Amino acid sequence: MEKKSRRSFLELATAFIGGILGLAAGIPLIGFAISPAFKKAESKWVDLGLADRLKNSRFKKVDYTFTRKDGWVQATKKRSVYVTDVGNGEWNIFSRTCSHLGCLVRWDEKQESFLCPCHGAIFDQTGAVVAGPPPEPLEKLEVKVEAGILYVKET
Amino acid sequence: MEGRKDGRWEGWRVFVRERLPLEAVDAHLRKPLPKHINLLFSLGSLAMFLLMLQAVTGAFLAFYYSPSPEHAHNAVTYISTEVPFGAFVRGLHHWGASAMVIIVVLHLLRVVLYSSYKAPRELTWIFGVLLLLVVLGFGFTGYLLPWDEKAYWATVVGVEIASTAPGLGDFVAKVMRGGTEIGAVTLSRFYALHTIWLPWLAFGLVGVHLFFVRYYGSSGKPENTPEEMKTGKPFYPDQVFEDVVGMLILFVALAAVALFVPVPLEDVADPTNADYDPRPEWYFLFLFQLLKYFQGPFEIIGTFVIPTVGMLLLLFLPFLDRSERAVLWKRPIALTVTSVCVIGIVTLTILGGTSKKLETTEATVQETTQPAEQTQDAVTPETEAVEEGEEVFDFQLTEEEIENAVDVGTE
């Protein structure tokens, strides 16, 4: 009886110490692996060039690059947006990333809509969802014009 | 309410027991060990624990590592300085490697102490020695990965040692490097060896080693009677409890070292840095020191003959030592050989670790990125090293000599 209760205690103690070891090693390891998820990407204004150059643009595709720290690398990132000159110094810049699953949308002149090549999503000129599975409209990026230069905010 | 809970648990228990051979596993785990098992018999479990810890920490480090000369050093710096828990995880992996070598060697010495390698456990021993080689292989392939000075130069020397092997040495060295010099291909293949090939090999060898350990049972102490060999405490929970306590102590010690002793990371590898004194990790220092004693045509004795013969003797020890099974101090020849080997390796390690670094008064060389012909201009006979008694010629031609030369050419 005494032997049995001793063995039960050892079984419990073994499981307890095993659990402690698992937690002591597991918590830092999981923190180490998932830490990038808690890192906020630095936002920055990116120069798209002279605003005059894009005057009267209507859903004009503009590709640009900028540098951002990517882990241990100062990487050059590429982006693509649609720029529209609304007039009165107002600009609309839409991200081309579909709000569904991240494919790049294309502006279609005939349909006056953004079409997604992946799952058939359609967005209207304001970026609102017209058809397909996206849960949200297209992202409208922050814009500013300073000293005649058009800037878009990268987040 | 309580009854319903019990019923649900019982249902799960029946479900699991019907599908998995838990009772057979349970009976196997509770098999009694020999009597008089002491703490030294936990060393194998501790080695297994460290292997798992190295595998897990290594797998996590791989999330941030990039095996290319352009990125490796920066990636390791990033892990150590910017990733949360990065310095700790790298510390566990780095110091864990050293702990692994110590524990595996102590485990081997325990087997020698009680002559546990004798029949019928010869194969258990052979697979254990192969595992020791794999552990050293992990060390050798692992320390190139940070791509710092130590990584680079230790690998240069290590690969050169392999190249001295007769016959295929040069070929083996080229295969190890992936070419004629250490670079991107070397780093890539060392990474593949360290993270894919050696782990698979290690777990395969551990599987076979453990199979033999369970099949023949623990060797116990030599003085155990046949009756005592099967009437000790059960493996689970008694021995497992002692093993996990040992693992906890080992982990706490490793964690403390990982927290308080930063893992060294030297400057990025520079193949032109002649001021650097290459030194291997401490567990290869004995070999580093040994190489100094064999010069000229005898070099191969230190680089190839002694390590190869030593390993072969170790591997086939059960077939060479034909004495009756007894504790080490009752086997005078084994005691002498073991003592000489241990004292020799420890002494060489200490000598290697404390050996003076080279002091030179070499003139500094101006770094230049100028084209070759301009650089050549800068080297004049006066600036070149000239041995005593050797004449220095001034090759500059006088205008008259040039004119004469042109005349000869046009004639």
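The model is predicted.

Chain B is built from helices. Its secondary structure comprises 16 helices and 0 strands. The chain has 411 residues, and 28% of them are buried. Among contacts in chain B between residues at least 6 apart in sequence, 78% link residues at least 24 apart.

One helix pair in chain B was examined in detail. Two packed helices are described by the angle between their axes and the distance between the axes. Helix α6 of chain B spans residues 122-142, and helix α9 of chain B spans residues 184-216. They pack at an angle of about 160°, and their axes lie 9 Å apart. Angles over 145 degrees count as roughly antiparallel, so α6(B) and α9(B) are roughly antiparallel to each other. Their crossing is left-handed. The contact of α6(B) with α9(B) involves 17 nonpolar residues, 7 polar residues and no charged ones.

The two chains meet at an interface. On one side, 26 residues of chain B take part; they are in contact with 19 residues of chain A. Four elements of chain B each give two or more residues to the side that touches chain A: α3 (43-61), α4 (72-81), α5 (86-113) and α10 (235-260). The most comes from α10(B), with 10 residues. By class, this side of chain B has 21 nonpolar, 4 polar and 1 charged residues.

Nonpolar cores were then traced. In soluble globular proteins, nonpolar side chains tend to be buried together. The largest nonpolar core in the model has 63 residues. Within this core, the residues with the most contacts are B:A47, B:L50, B:M100, B:I103, B:L145 and B:A151. Both chains contribute to this core. Chain A supplies at least two residues through α1 (2-34). In chain B, α3, α4, α5, α6, α7 (149-163), α9 and α10 each supply at least two. The largest share, 12 residues, comes from α5(B).

Contacts of one core residue illustrate the packing. Leaving aside residues up to four places away in sequence, B:L50 touches B:G96, B:A99, B:M100 and B:I103. Of these partners, B:M100 and B:I103 are also listed with B:L50 among the residues with the most contacts inside the largest core.

A second core is separate and has 19 residues. It includes A:V81, A:F123, A:L138 and A:L141.

Technical notes:
Residues numbered from 1 in each chain as written. Chains lettered and ligands numbered in written order. Predicted model: local features only at pLDDT ≥ 70, side-chain atom pairs only at ≥ 80, totals over all residues. Contact = placed C-beta atoms within 7 Å. Nonpolar A, V, L, I, M, F, W, Y, C, P; charged D, E, K, R; others polar. Axes fitted to C-alpha atoms, helices over the stretch in contact; angles between N-to-C directions. Parallel < 35°, antiparallel > 145°, perpendicular 65-115°, else oblique. Left-handed = near helix turned anticlockwise from the far one by under 90°. Core = buried A, V, L, I, M, F, W, Y, C linked by C-beta atoms within 7 Å. Buried ≥ 20, exposed ≤ 12 C-beta atoms within 10 Å, placed from the backbone.
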